[in-house]
Amino acid sequence: MDLNLKGKNAIITGGSKGIGKSIALILAQEGANVAICARGEDTLKNTAAEIEKTGVRVYSQTCDVGSSDELESFLINSKRHLGSVDILVHNASALALGPTLNDWKASIDVDLMGAVNACNTVIPWMTEAGGGSILLVSSTSGLECDPTPDYGYTAAKAALIAYAKKLAVMHAPQNIRANAIAPGSTEFEGGVWDMIKKEQPDLYDMAKSMIPAGRLGTPDEVADVAVFLSSSRASWITGECVSVDGAQHRGMR
């Protein structure tokens, strides 16, 4: 299936590793030009170099998405380098999984307000260009609570789902679609579940046992869905939250 992404311009926050990296790479493989940001400079450079091998234009910039000034600088520079913005994927997360007020603040600043600030900047550009696609990366945690103390993370991820629905309703007249995805437990080298597997094998095994397929997901499996939803082949899908979790989430929503 041709996703009609050749020559499109996409921005991905948190695009240097894991799900964000896979989304950026698959978009590039489909012919889209890509801008990515992350806090870690070395990983960001390595990912940008990997994306460049696909032959598309690439822009990368270190950025703390929790800083509205840094985020705006990245977005403006991305548009200047790419020329326009057709797709915005907000994948950045503080991964603040504790119960403290600092964890709450990090989740709100990066996961939620990072999305709000990015959309506030990019939506006028999409409107002027005649449309676009926004994808917010939420989590199964935003749909279903488990007995862990990640209060702020869960609340922020749930808010992203509601925010995507509101964006879809408010900006449909501008031909702007907005969706969310809710990945389940996803494993990759250096990621949270990779560390849990090494340091808390009982917790890892418990999570794995809750997934009917008996394994955790991969970034590419999540990214394939994200890229489709971002493309014009999903032109009549907006305001939705798509679970990508191998039936780990069992709710009817």
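**Helix packing and a pocket in a predicted model**

In this predicted model, the axes of helix α3 (residues 68-82) and α4 come within 10 Å and cross at roughly 30 degrees.

Student: Which residues of α4 make the contact with α3?
Tutor: The crossing of α3 with α4 is right-handed. From α3, the contact draws on Ser68, Leu71, Leu75, Ile76 and Lys79. By class, this contact holds 6 nonpolar, 4 polar and 1 charged residues. The partners on α4 are Gly114, Asn117, Ala118, Thr121, Val122 and Trp125.

Student: Why is α4 described as roughly parallel to α5, rather than roughly antiparallel?
Tutor: Helix α4 (residues 101-129) and helix α5 (residues 151-171) have axes that come within 8 Å and cross at roughly 15 degrees. Angles under 35 degrees count as roughly parallel, and those over 145 as roughly antiparallel. The crossing angle therefore makes α4, relative to α5, roughly parallel.

Student: How many nonpolar, polar and charged residues are in the contact of α4 with α5?
Tutor: The two helices pass in a right-handed crossing. On the α4 side, the residues in contact include Trp104, Ile108, Leu112, Val116 and Ile123. On the α5 side, they include Tyr153, Ala156, Leu160, Tyr163 and Leu167. The residues of this contact divide into 15 nonpolar, 4 polar and 2 charged.

Student: What is the handedness of the crossing of α1 and α2?
Tutor: The axes of helix α1 (residues 18-29) and helix α2 (residues 41-52) come within 9 Å and cross at roughly 20 degrees. The two helices are therefore roughly parallel to each other. As α1 passes α2, the crossing is right-handed.

Student: Which residues of α2 meet α1?
Tutor: By class, the contact of α1 with α2 has 4 nonpolar, 1 polar and 2 charged residues. From α1, the residues involved are Lys21, Ala24, Leu25 and Ala28. Those they meet in α2 are Thr47, Glu50 and Ile51.

Student: Which elements give two or more residues to the lining of the second largest pocket?
Tutor: The second largest pocket holds about 400 Å³ of space. It is lined by 21 residues, and those nearest its centre are Gly132, Ser133, Asn175, Arg177 and Ser232. The elements that supply two or more lining residues are β5 (132-137) and β6 (176-183).

Student: How many residues of each class, nonpolar, polar and charged, line the second largest pocket?
Tutor: Gly counts as polar and Arg as charged. Gly132 and Arg177 are among the lining residues nearest the centre of the second largest pocket. The lining as a whole has 7 nonpolar, 11 polar and 3 charged residues.

Terms used
Residues are numbered from 1 along each chain as its sequence is written. This is a predicted model: local features need pLDDT of at least 70, side-chain atom pairs count only at pLDDT 80 or more; totals for chains, interfaces and linings use all residues. Side-chain values use heavy atoms; hydrogens and water are left out. On a 1 Å grid over the protein atoms alone, a cavity is a set of points where a 1.4 Å probe fits but cannot get out, and a pocket is an open set with protein on both sides within 12 Å along at least five of seven lines; lining residues have an atom within 4 Å of a point. Grid points are joined across faces, edges and corners, and a volume is the space filled by probe spheres set on the points. Helices (H or I, at least four residues) and strands (E, at least two) are DSSP runs, numbered from the N terminus. Axes are lines fitted to C-alpha atoms, for helices over the stretch in contact, and angles run from 0 to 180 degrees between N-to-C directions. Angles under 35 degrees count as roughly parallel, over 145 as roughly antiparallel, 65 to 115 as roughly perpendicular and the rest as oblique. A crossing is left-handed if the near helix is turned anticlockwise from the far one by less than a right angle, and right-handed if clockwise. Contact means heavy atoms within 4.5 Å.
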